[in-house]
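Please look over the model shown here before reading the notes that follow.

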Amino acid sequence: MTDFVQLWVYLASTPLFGLNATLVVYLLALAFYTRMGQAPWANPVLWSILALGTGLWATGTAYPTYFAGAQFIHFLLGPAVVALAWPLWERRAALRAHWGRFTVAAVLGGAAAAASAVGLAWVLGLPAEVVLSLAPKSVTAPVAMGIADKVGGIASLAAVFAVLTGLVGALSGKALFALLGIGQDATGWMARGFALGTAAHGIGAARALQVHPDAGAWAALALGLQVVVASLLIPLVAGWF
Amino acid sequence: MQALQGLAILLTLQSAGEALSRLLQLPYPGPVIGMVLLLGALRWQAVQVRVQTVASFLLGHLSLLFVPVGVGVITQFGLVAEHGLRLLVVIVVSTWVGLAVTAVVLRRLMKSTAP
């Protein structure tokens with residue numbers, strides 16, 4: 001038994017553990033998601049996070065130990081963001097034709113998400129630094145951390161809010177769009193995907209990519225636009241107060 | 001081979017983006033600038049064929065890439081629990097507002113002046 005414990009302690013302290021656990025748990029979650037007919041509640045990101053979080057907690061493994069291995073997957077977020085140019089390139093004709101409309105939707109949607117978060121948090125009496133950390137929550141986590149830092153929020157809190165926002169969007173988007181009467185025709189997929197990329201960044205875009213290739217491409221466009229819009233507007237608006 | 005070359009292109013443009021972001025003190029993160037650079041470079045077919053495979057692979061598994069950060073969120077749950085229900089209400093409601101406004105505005109714009 002001590003041999004096993006020693007082996008476990010050894011394995012858990014190498015980067016192999018975090019990398020291996022992330023990949024295997026995600027593949028299991030993905031198989032479950034597929035089996036459930038890609039139901040929003042079966043979201044593979046959500047269940048992977050819960051399973052790995054519980055596993056770390058149960059074995060008393062520290063997050064930095066896990067991240068030593070998981071960072072190899074985390075690192076790929078950078079090249080993946082660069083790769084978002086590909087779906088945009090494939091739809092360059094539509095992009096050129098509707099450029100103004102996309103910009104208007106991205107600015108209004110991003111502003112509505114940020115303003116409603118800040119306004120509601122302020123009304124509910126949350127502390128100022130929490131309120132400020134909520135402003136960039138529609139932007140992908142690494143960018144949200146930078147913006148929060150700039151406007152006087154807390155970077156780690158902003159990352160938490162961004163991930164939770166992405167999960168809420170991925171989980172409830174389908175029901176919300178149905179409620180709003182957004183259809184499943186070409187314009188409908190465009191509106192759905194673009195909204196997920198705008199309000200729920202990469203996690204929303206990942207869900208859109210799984211549901212429909214067009215929705216995924218528009219989500220990728222919205223995600224890129226929102227990074228630009230938010231990093232320009234939030235520090236500017238925060239400066240007025 | 002082409003996938004490997006594609007990955008090299010993505011990493012090179014990301015590095016170029018990081019360098020530009022630092023040098024010109026731009027408010028955009030390096031990968032986002034890299035994305036804009038790639039959008040320009042895709043006019044060349046040599047870049048297209050190399051990037052296609054690796055881009056489809058990375059974007060096809062985009063949700064996996066958020067798992068490590070997400071697990072970090074769970075370990076930070078104390079921060080969220082501290083402010084409890086109010087915080088959760090804010091996050092859920094504002095996400096719905098953002099989704100609804102974006103989707104409705106874009107649909108109306110696309111329908112109003114159809115090209």
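## Contacts of Ala144(A)

In this predicted model, Ala144(A) is in contact with Pro136(A), Lys137(A), Val139(A), Ala158(A), Ala159(A) and Ala162(A), neighbours within four places in sequence being left aside.

## Nonpolar core

Ala144(A) also belongs to the largest nonpolar core, where it is one of the residues with the most contacts, together with Ala83(A), Phe194(A) and Ala219(A). That core has 121 residues. Helix 12 of chain A, residues 186-211, gives the most to this core, contributing 14 residues.

## Helices 2 and 3 of chain A

The axes of helix 2 of chain A and helix 3 of chain A lie 9 Å apart, and the two helices pack at an angle of about 135 degrees. They are therefore oblique to each other. The crossing of helix 2 of chain A past helix 3 of chain A is right-handed.

On the side of helix 2 of chain A, the residues making the contact include Val25(A), Tyr26(A), Phe32(A) and Tyr33(A). Helix 3 of chain A contributes residues including Pro44(A), Trp47(A) and Leu52(A).

## Helix 4 of chain B

Helix 4 of chain B (residues 67-75) is largely enclosed by the rest of the structure, because seven of its nine residues are buried. The buried residues are Val67(B), Pro68(B), Val69(B), Gly70(B), Val71(B), Gly72(B) and Val73(B). These buried residues pack against helix 2 (15-35), helix 3 (44-59), helix 4 (63-75), helix 10 (141-151) and helix 11 (155-180) of chain A.

## Domains of chain B

Chain B is divided into domain 1 (1-60) and domain 2 (67-115). Taken over C-alpha atoms, the centres of domain 1 of chain B and domain 2 of chain B are separated by 28 Å.

Note on methods: Residues are numbered from 1 along each chain as its sequence is written. Chains are lettered from A and ligands numbered from 1 in the order in which they are written. This is a predicted model: local features need pLDDT of at least 70, side-chain atom pairs count only at pLDDT 80 or more; totals for chains, interfaces and linings use all residues. Domain bounds come from an automatic or database domain assignment. A residue is buried if 20 or more other C-beta atoms lie within 10 Å of its own, exposed if 12 or fewer, and partly exposed in between; C-beta atoms are placed from the backbone. Helices (H or I, at least four residues) and strands (E, at least two) are DSSP runs, numbered from the N terminus. Two residues are in contact if their C-beta atoms, placed from the backbone, lie within 7 Å. A nonpolar core is a set of buried Ala, Val, Leu, Ile, Met, Phe, Trp, Tyr and Cys residues joined through C-beta atoms within 7 Å. Axes are lines fitted to C-alpha atoms, for helices over the stretch in contact, and angles run from 0 to 180 degrees between N-to-C directions. Angles under 35 degrees count as roughly parallel, over 145 as roughly antiparallel, 65 to 115 as roughly perpendicular and the rest as oblique. A crossing is left-handed if the near helix is turned anticlockwise from the far one by less than a right angle, and right-handed if clockwise.
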